[in-house]
Each structure stands twice: as structure tokens, then as C-alpha cells.
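Q: Can you walk me through this one? I'd like to start with the ligand and then move on to the chains.

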Amino acid sequence: MKKEYLKIDKVVGPLIQVSDVDSVFYGEVVNIVEIATGNIKKGKVIKIEEQHVVIQVFQNTSGLAAGNSIINFTGESFNLPMSLDLLGRIFNGIGQPIDNGSEIFSAIEANINGRPINPMSREYPRNFIQTGISSIDTLATLIRGQKLPIFSGNGLPHNELAAQIVRQAQLGDDVDEPFGVVFAAIGVKHDDEKFFRKSFGESNVMDRVVMFVNYADDPIAERITTPRCALTAAEYLAFEKNMHILVVMTDITSYCEALREISSAREEVPSRKGYPGYMYSDLAALYERAGMLKNQKGSITFLPILTMPNDDITHPIPDLTGYITEGQLVLGRDLFQRSIYPPVSVLPSLSRLMKDGIGEGFTREDHAEVANQLFASYSKVQEVRDLSQIIGEDDLSQTDKKYMAFGRAFEAEFLNQGADESRTIVDSLDLGWKLLAMLPLTELDRLSPENIEKYFPKESQVE
Amino acid sequence: MAVIEQNQAKGIISSINGPVIKGRNMVSFKMREMVTVGEKSLIGEVIVLEGDIGTIQVYEETEGLKVGEVILPTGRPLSLNLGPGMLKNMFDGIQRPLAKIQEVSPIFIPEGIGLLSIDEAQLWEATITAKPGDILLAGAVFGLVKETEVIQNRLMVPPNLSGTVVSVVPDGSYTIKDMLVKLRDEKNDIHELKMAHQWPVRTPRPTAYRQETLVPLITGQRIIDIFFPIAKGGTAAIPGGFGTGKTMTQHQLAKWSDADIIVYIGCGERGNEMTEVIEDFPKLIDPRSGKSIMERTVLIANTSNMPVAAREASIYTGVTIAEYYRDMGYAVAMMADSTSRWAEALREISGRLEEMPAEEGYPAYLPSRIAEFYERAGSVQTLGGDEGSITIIGAVSPAGGDFSEPVTENTKRFVNVFLALDKNLAYARHYPAINWLESYSGYIKILSDWYEDHVAPDCIELRNKMIELLYQENKLLEMVMLVGEDVLPDDQRWVLEIARIIKVGYLQQNAYNKEDTYVPLAKQYAMLKAIEYFYEKGRAGLKLGIPTSQLKNQEIISAFIKMKYTIPNDDLSGLDELKNQIDSYYDALFKRYQD
Ligand SMILES: Nc1ncnc2c1ncn2[C@@H]1O[C@H](COP(=O)(O)OP(=O)(O)OP(=O)(O)O)[C@@H](O)[C@H]1O
Ligand SMILES: [Mg+2]
């Protein structure tokens, strides 16, 4: 039975209030039909107080007023039809096709909010994904089923990096394990969306990509549903269809801003910088949908991208993200300005899952030690650089001068690589050894004698 | 008990706002009563009563609820079923076993699964120690059940009951629902004692009295055991920004500390971290019992994507379980990762109640809630006459990694050990990234006798001396940053050298290394003592006018840096050899200078 109402009491930003409503449920989807044009807007019940209901409208609310629209309660939750036909298609942020293709028809429908995965049902992710990028593979290894965000800044090449990862990443163990990409664009410029679409086309994966796009000039309330639609599709493909899915999502910052705008329209008590107090839980409801399951082949690997306002990593958006995700790849403006691509700032970058996915049988036995040593030595480079700022490079000790040289080479050769260059993990590790050999052996306290014996490049050994 | 008329006791949902709903017709409900909500019978708890309007926090997803649906009372506050069957298992924030939920729904956690708790069908071998005619006071033990390979569950008279034993069942296999002992109380009422009893989570379980804690919780982690020890029955906080090592440290403590029982609460954190515990713990052998560490562990999981009201409850669920085992006379250690998520859950509920916020949106009662929580730690004489303790170690996740925010600041007021994690140390991969200048332990004084008796008479003195060196280093490094190391006098450069050994060779501890992940106290002490020996040797050399550059023997230094890996935990003779090596090198060197 459909329930229709005429009376809109109030429109506040993306929210409308309706009175005298009976027996609707929390989370129910509503259609708002503009009488004059027949245009339908979608919304969802987000608060019920006796007979009063607050509806969050996913499209633009301008023009909505008492008397010009019919509110139609559908009696349904926000569900999307799920099928393999999603692959190769493009949808808007509420899951409607925008590629002139047909609607998706399927008996299988899924609620876009998803449900928490039982920790008992999860499989702890352990499989190494080679991205072909030295800094990532060696120092912040991506693991299948991981959620690893890219913390970027405006104007930094995060899109290029994400596209390169999509192109180069080997998701499955065998060639015949099906993989796919779910791409969600939240509040992005048309250019950025086009860039990704072109890049997917060039790497011939377009027929394995599902895109959900909310442009910068699209309604902000739709930004709330965009990632949920995308993750629902990802869950279906991964856990029902056994595919390895890489979810790329940009820009989480636009998502959080939409959250803030709606929260303020609801007159909620804000927490830091005006963002709602529940932003942590809200983001977690997205990020935690990544993972692997026991006795299931498929996986969801999640690469959300966010731009840090003012490059500030303590801003609530990167901060709360970092508290939920399994590490982060941080891009640095200084590296970018020195034309180093990808400008991965390795010290604040971290992959928490790499410990179990590297080493003998996964990458190579020396991986952990090389990574530790590179971190330790490069962090010492920062100290030496600070010192040389004060006393001048010439007055540095012999050892410190070697650190300066090591730092430059590390950035120019190890971090820096071509946008189309894919290095194997063995190449990356060997390169790491070659650079470490620029330092005196006594400084390399994270390397074991056995590995030094085996991998230390003999000819370049000084002293 | 008065029988309440059914329709009178029914509340009617009148408003829904996320996890907070309101109901009409709720006069007969009680504050903090557990209720079931709506057609799906979601579990909730009454948190405000005003006239006939009740406000309820719901522990499950509320999507799909309608105004007009029914709220039913359960007649009791949110309570746990305390009995055998908790160890080795993982529960959600209101003690529902996740393994059971998985049987109902293999992947995702659905709502409306109802009130599940510990297994009611499992048979346990019970030995009944009470005899007819015995007088049993509250908390007295009336029987024993081997709950796991390493833990005897002592069946206790509930804390609010006492009386004379009327009859007992013979030893044998029983479920937690079976009557084991009949007890007649003062009023001549008969009570049936079973293996399990109910206890409300928000009420601390009573004890005979609190006593001073004089024994450390040995964790096998050098920076904790030697530098910032935690007393059994004490409180500690581990604050740190994301990725600094809170969870790793908590996991290390859960794995290796010498408590009898571990209660680990994943409060608003990652699902994979709980999965990791479930996968790893059964494989790890407790150095003391020789059995898997899972045998002594209870897990509570409310991951960050699970309902937020149950997050608020999970902390109380955990601490109530801890109290239950404490009352059996066990030393319980409880880890809560992260208490900040609990505080944020309080904030979210408070916001939905439209309460007046205090700092950063947190409710004004945040400090008192934090205090109440940590006050449930302690070393006690139990009602049953045993000694038991609860040590609480809470992780704190400060917004922006800045310790001057309300949760960190208020936690600091109520805990005695503060293990401050440092982003810069974590960036440099110095793990555990516990900052030795900012951290402190308030237990050094009361534990010093223990250390002197059980480790070495000069243990605390040695610790103080080494910390002092680190403080000196900090000052010197500030100078080095201005002028470079070369201009420092030799004795100061020697301090820098030794401090580096303390930092890299001693304080850094590799959780992923078999030998280093857990280190016995004897080795912890001996390592530090060896560093001191080296330090003093160098100072003797300085007195002879030997420059630091000569004193620095790379071979010896590198032996110190690697001693954590090269010296086996059970054979410290390598450290004596190191001392011999030092002697022979420096004696020769000194000789050259003396001549
Ligand atoms: N003692 C240690 N030994 C080795 N590695 C460590 C240690 N402590 C921390 N790490 C490293 O730091 C990473 C992050 O640690 P952890 O997950 O404990 O951080 P956290 O403080 O709990 O972060 P969050 O607040 O986001 O949960 C680990 O994945 C590991 O790589
Ligand atoms: Mg953590």
C-alpha cells in the first residue's frame, strides 16, 4: 500500500519535514513527485517524531514547497538491484544509470547500508598485491582485502597514482581469478572523472569496471549514498560472485563535507571543525566493508582517496580515516614540488597488514629488514638535513654527508619512477640494497648478518 | 512479585532518531531496564524516564522500525549471564556469542537475533564442594568446573545471596541451567544455585575490601616492566595518534602478561584486528602454562561498524566479566581498545538526547564515567576470601594525536601509568613508540621492594640511572641540533652513544621477532646491567683522557644493538661473554693510555 502526502512543512537545505504521517519506517525510501513536471526526487526518512518525519532528499531541493509536490512513501529500504550486468556500467550516486544503458533488472536486491561483517567470518588478509611501485611495494605493501587510503592534497597527483595502481596491480593469484574495479566519484570535477574513465579504457578494464559518479555540481545529499551504492556493488561482486574487487573512491573529503552540511541542517551538536560527532562511525561503516571472508574466494581491496585540507594530517578527515583504515599512503607536497613522482612521503606512510604478507614465501626473506632499514636510515636523513640547514652541509661529519647523499639518491631513484613503469618487488628490494650500500655498514643496524652476506652489493662496499 | 498487566507494561514507539528512540506509555518501566523494541525485538536499554515517556538506546540497527511498534520490558537491567563458557569465546558488546550469531547468519550480523549468551546446552563436569548443612556466604565457592585447560571456574554463590545448604546434586555433567545446590536464606526462602548467575553490567560487583597492590604485572616488554611498570590491580592508559602502536601494545600485553585471565575489548576498532586475535591466539603458547593463551582469554568485539550504543555497553560488559573472574580469586588483566570510541559513543547518544554539551561536544559527565570505569580496577579481598585483582589498560585515541583533548586529559587524571605513544618515534619505526620522557608510572615506589627482592637489589636504582641518561641525552640533542655533535665535550658524546644503545638496543623491542616479542625479567635486567657496565667502562676511559672516538668500538656497540636477538632468553651467558669482550678490549686500550 502506497502512502502519499501533500504537505511539506519546511525545507532546510537537503532536508524536508512532513507532518501527519502514519506508519512509515525509519530509513524508508520516499519519492517526491513534483506535480507540475512529474519529476521524481528520491529521499530517505532519517528521523521520526510522532507524526513528524524528516526526509533527506538526494537531489536538489530547490523549488520544493508545500503544495507543489507529492510525497510518496515506498515502503522499502534503499535497495539496489544486483547482477553481473553492473560491470561496465556507469551510475549516478543513487544507483541510476547515466550511461544511456538500460536499468539493471534483478531479483537480487541489496540494502545499500550493508551490515557489519561478523569478525568470526573474516579471514585475516595476507596476500601481497604487487603494484609495481617501489615505495608502496617495499615500504607500505598493499595486501589483498586491505583498506589503504591515499592521503593527498589539492593539486597532488593522487588520481595518477590511483590509476597507475589500477593498471598495474595484480589482484588474483592466478590469471583466471576474476577481478573487477568499482569506482566511486564523490563530488569530483568532470575532468577528474574523465581522467579515470580514459585510464580504465586505456588499460582495457572498462568492461570490468562499475562506476558510481556524483559530480561536484551534483546534489550533496547524493554524496552520502554514492559510496554506499559502490560498496554494495563491490560486496555483491566479491562475496556473491567470487571476484577480487578493487574499490577506488575519490574524494572522501567531499563526502565528509556533505556529512557536515547535512548535520548542520539537522542542527546537531558539532564536534571538531563542525564535523558531526558520529563521523568516525559513519566512515567506519564504509571502510569496514573491505576485507576477505573465510571459505570465500572473493575480496574487497579498498583505496579511498582524500585531500587533506591545508595538507594537514591532523584535520578530522584524514585523522578519523587513519584511525579506521589499515594504514595510509601519504603524498608529500615537497616531493611533488621537486618533481618526484609518485611523491609518496614514506615516513608517515604505513601498511599495517604488510607484516604477514611479506617475507619468505610471499615476497622475499629480506623484505622486512630492508623496509625497516630504509625507514630508519631515511628518518635519520631528515635529522641530518635539519642539522645541515643550521651548520651547513660542509661542516657535517663524514657519516652525515653519506646520509645526505643517500637521501638524495633514495628520492631520485627509489621513490621516483615513471607513471608507466612497473617494477617487480625483487627489483625494488635490490634497488633498496644498492642505495643502503651508500651508508657505512655500521649504520645499518636493522639488517641481519645473514641477509647482509646474501644481498649486500659487494662491489660498492666502502671502507 | 506483582504481576504487571500485559498491556499496561507495553510501551509504544513514538519517535526514532538513529540508535535513540522514544516510547509512550512507559510509566511502569524502570530506569536502566533492558527492553525489546519493535517487531524484530531489538535489544535496548531505558536511559531516560520522564513521565510516561521513556528514551531508549537500542543496541542494534534501527532501520525498519516504525512509530507505533511495541516496546516490551524484560524486568531487569542490562545484565550478563556469568558462568563457564566465556573463555576462548568472542562476544558482541552485550555478551552475544559471535560464533552463535555466525550459525544463524554466516557472514553479516543481522538485527533481531534476540538475547543470546553463553551456551546453555553445553555439559560441564562439575564437582560440588558444598555439603548439606554448610553455611555459604555471598561469594563462597560451592563447586568447581574445569572451564578450559588452564582455568578452573569456581562456582560462586551470587554476591547478593547467602544461606544454608539444603541439598546438593552429585558430581557429574550439568548445563548452566541445571540446579546444583539448594540454599535456604535467612527468610527461609529457598534459592537454586546454578553454574551461572545474572549480574547487571553497570553495577560493580561487591568485594570484601580493597587492598594495596604490591606486585607488578609482568608483561615481557622491557620499556613497561623495567621503566614504567604496571601494578596488578592498577590502571594504565596508552594514548597515541593513529598508527602509533596502541593495538600492537595491547595485543602484546594480552599475549604475554602474567595475568590468569585476559579480557580483551575491541571497542569501536577494526574487524580484522579481532579476526587476527582469533586466528593467532590459539597458536601462541603461554610461557607459564605451556598451553595456548586463548585458554585464558575472553574477547568482546564491537567493531567500528557495529551499532554505537552497544559500543557504550561493551566496556561495562568487559569489566563485569573481569570482576566475575576476579571474584574467583584470579588476577585479571583487561585491555580496552579504544576507550575513546566508548567516550565518542557517549557523546553521540548524548547528542541525540539533546543534552547540553561540555567540551568538544562531550557530555559533562564524561569525567565521572571515565573515573567510575577505572575505579573498577583494583586488588581486592574477594567475598569468598581470596585475593583477586583487575588491571585495566585502556587505549586512548586522541583526535589529531593531540593529548590536550578531553578524553586523554580526563583519563590521565584517573590512571597511574601513562604510556605516551609518539608519532615521531613511530615514523622512525622505533617500536614500541612509547616516549620515555612523557610516560610515567606511579607504581615505582610501591613496587620497588618487589623488584629488589625478585629481580636484583639495584634494579630500580639502575632503572633510574638509565632514565637519567635519557633525560641528559634529550638536553644534549637540543644542543647538537644547534651546533653539531663534534663540538660537544667527550663525556657528553659518550652519553649520547650510550643513550643510543639504550634506545635502539634496549627500548626498541620487536614484536614480530620470536626471541624479542617476550623477554623474561632476568634478561631485561641483565641487558640493562650490561649497558651500564659499558657506560662505566667508557667513563673510566674518559678519566684517562681517552677520546670518545677511541672508546667507540663498533664491534661491541653492534653486539649491544643485536643482543636482544643474539642472546637467547633462557641462556644469558652471552652477556658475560660480552662483558669479557669489553674488558679485554678496554683493558688493553687503557693500558696503552696509562703507559
Ligand atoms: N612493538 C611493535 N613492533 C613492531 N611493529 C610495531 C610495534 N608497534 C607498532 N608497530 C607497527 O605499527 C603499526 C600500527 O600499530 P597499531 O595498529 O597498534 O596502531 P594503533 O595505535 O592501534 O592505531 P589506530 O589508532 O589507528 O588503531 C603496526 O601495524 C606495526 O606495523
Ligand atoms: Mg589500534
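Predicted model: local features only at pLDDT ≥ 70, side-chain atom pairs only at ≥ 80, totals over all residues.

Q: Which residues come nearest to ligand 1?
A: Gly243(B), Lys246(B), Thr247(B), Met248(B) and Arg270(B), out of 18 around ligand 1. Being near takes a heavy atom within 4 Å.

Q: Why is the site called shared between chains?
A: Because residues from chains A and B surround ligand 1.

Q: Which helices supply at least two residues each of the shell?
A: α7 (316-324) of chain A and α4 (246-256) of chain B. α4(B) gives the most, with three residues. Helices here are DSSP runs (H or I, at least four residues), numbered from the N terminus.

Q: What polar atoms do the oxygen atoms of ligand 1 meet?
A: An oxygen atom of ligand 1 is 2.6 Å from a side-chain N or O atom of Thr247(B). For a polar backbone atom of Gly243(B), the distance is 2.8 Å. For a side-chain N or O atom of Arg352(A), it is 2.9 Å. The protein covers 93% of the 630 Å² of accessible area that ligand 1 has on its own (Shrake-Rupley, 1.4 Å probe).

Q: Where does ligand 1 lie relative to the domains of chain B?
A: Domain 3 (209-445) and domain 4 (459-594) of chain B both give residues to the shell, so ligand 1 lies between them. The bounds come from an automatic or database domain assignment.

Q: New topic. How many residues of chain A are in contact with chain B?
A: 75 residues of chain A, with 78 of chain B. Contact means heavy atoms within 4.5 Å.

Q: And what area is buried there?
A: About 6,400 Å², with carbon and sulfur atoms giving 53%. That is the accessible area (1.4 Å probe) that two parts lose on being put together, summed over both. Tyr26(A), Met120(A) and Tyr323(A) supply 13% of what chain A buries against chain B, more than any other three residues.

Q: What does Ile278(B) touch?
A: Met120(A), Met90(B) and Leu299(B), not counting residues up to four places away in sequence. Ile278(B) lies in α5 (residues 271-280) of chain B. Its C-alpha is 8.8 Å from that of Lys88(B), 190 residues apart along the chain.

How values were computed. Residues numbered from 1 in each chain as written. Chains lettered and ligands numbered in written order. Heavy atoms only, no water. Polar contact = N/O pair within 3.5 Å; in protein donor to acceptor, adjacent residues only side chain to side chain.
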